[in-house]
Each structure stands twice: as C-alpha cells, then as structure tokens.
Amino acid sequence: MISAVDLRSGMTFVQDGRLMKVLEASHHKPGKGNTVMRMKIRDVRTGSITDTTFRPDEKFERAFIETKDVQYLYQMGESAVFMDLETFEQYELPVDSVEEELKFIKENENAKIQFYGQEVIGVEVPGTVTLKVVETQPSIKGATVTGSGKPATMETGLVVNVPDFIETGELLEISTADGGNYQRRAQK
C-alpha cells in the first residue's frame, strides 16, 4: 500500500478497481483545515483525466507495471500487431487504444509494451523519433527559422507544424511529447 502523500508524477495505483496514473501531484495547504494532495490522474484503461484531491494519509494499492521490448510489425484491420523481442510472442492491440502512439512508430521499429499482470495497458514510444516528410507545401525562398511555419505530413500520417524551409523527403527529429513537435532536421 502507498499513501497519497507518497504518490509522484508517473506512478500508477489502483483506486476502486480502476488503474490510475498520476500526471501531476502537489501538496496544498488551505488557510484553514488540513493539508490535501491535489492530483491530476488518468484512468489508464479509458484515458479519462480527472482533477481530484486526497487526504495525505489515504492508502492505495500500488500497481506494478512491467515493460517488454517489442517490435511493431504491422496493422491488420482494427488490430496493431507487436512481437516480443525475446520470446517472439505476438500481441494484437486494438488500433483505437494505441492510435496516438502509432503516429510515432514505423513498421519494424522497436517500442515498449506496458503490462499490468497479463493485461496490456499501453505502448511506450521513445522521447524523439526520426520521420520522413511525405507531403508539405513547397519551401519559400528566403524563409527563416522564425517564420510561422507550415503543416507537414510525416510517413506515419502524423501532421506536424514545421518551419517554412522544410521540404518533402527530408528526415526530421520529432518530439513525441504533446502530440508531436518539430525539433530539427535529422542527421543523415
């Protein structure tokens, strides 16, 4: 068991049978009354995010999440197929549950799958990925980095706002935080 005061960002716990992940946690001492823990938590299974408060002494069951290295093989209908790199066991995940993560993973690339017991609860992607631009407006002569930018469609279908000088066919480093942000041109 873990106390609410010990919960930190990134930790996972069980509350009323639901698997919850802490996104933000802070102590709050109102003018009168006892200290409370303000938290932003996400239901791992449904994806819903809740702002809530707990008494510091409330206890929760800590959820231990196991991570396995996998390779993304392909998408077949409504399933995304991943293969365990050690046992070669294949996992089929519903596309709608990993839709955001698939925007950052190309076929035959490595990722990590998270398990709670035998249940697959998510896919973990690297902090930055290298993707190729497959469609964007032509570059503008004399464009600088400080321009407002333009949308570019990457090879996985992800659309990212990039500087005006980026052209179709270039490899870019994309941050996976906040839905994908242009970082820089990738080294060849």
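A: Of the contacts in the protein chain with a separation of 6 or more, 42% join residues 24 or more positions apart; a contact means heavy atoms within 4.5 Å. This is a predicted model, in which local features need pLDDT of at least 70 and side-chain atom pairs count only at pLDDT 80 or more, while totals for chains, interfaces and linings use all residues. Residues are numbered from 1 along each chain as its sequence is written, and side-chain values use heavy atoms, without hydrogens or water.

The C-alpha trace spans about 65 × 50 × 25 Å along its principal axes. Buried residues make up 35% of the 188; buried means under 20% relative accessible area, exposed over 50%, partly exposed in between, with a 1.4 Å probe and protein chains only.

Now the pocket. The largest pocket holds about 820 Å³ of space. A pocket is an open set of points on a 1 Å grid over the protein atoms alone, where a 1.4 Å probe fits and protein lies on both sides within 12 Å along at least five of seven lines; lining residues have an atom within 4 Å of a point. Grid points are joined across faces, edges and corners, and the volume is the space filled by probe spheres set on them.

The lining counts 29 residues, with Arg42, Glu101, Ile121, Gly122 and Val123 nearest the centre. Strand S4 (36-43), helix H1 (99-102) and strand S11 (119-124) each give two or more residues. S11 gives the largest share, six residues. By type, the lining divides into ten nonpolar, ten polar and nine charged residues. Ala, Val, Leu, Ile, Met, Phe, Trp, Tyr, Cys and Pro count as nonpolar, Asp, Glu, Lys and Arg as charged, and the others, Gly among them, as polar.

Val123 is among the residues with the most contacts inside the largest nonpolar core, alongside Ala80, Phe82, Leu102 and Ile113; the core has 14 residues. Such a core is a set of buried Ala, Val, Leu, Ile, Met, Phe, Trp, Tyr and Cys residues joined through side-chain atoms within 4.5 Å. Strands S7 (66-76), S8 (79-84), S9 (90-94) and S10 (110-116) each supply at least two of its residues. S10 supplies the largest share, three residues. Beyond four places in sequence, Val123 touches Phe82, Leu93, Val98, Glu101, Ile105, Ala111, Lys112 and Ile113. Another core, of 13 residues, lies apart, with Val129, Met154, Ile166 and Ile174 among them.

Asn108 sits in the loop between H1 and S10. Asn108 is exposed, at 52% relative accessible area. Its phi is near 70°, a positive value in a residue other than glycine. Most residues other than glycine have a negative phi.

Note on methods:
Helices (H or I, at least four residues) and strands (E, at least two) are DSSP runs, numbered from the N terminus.
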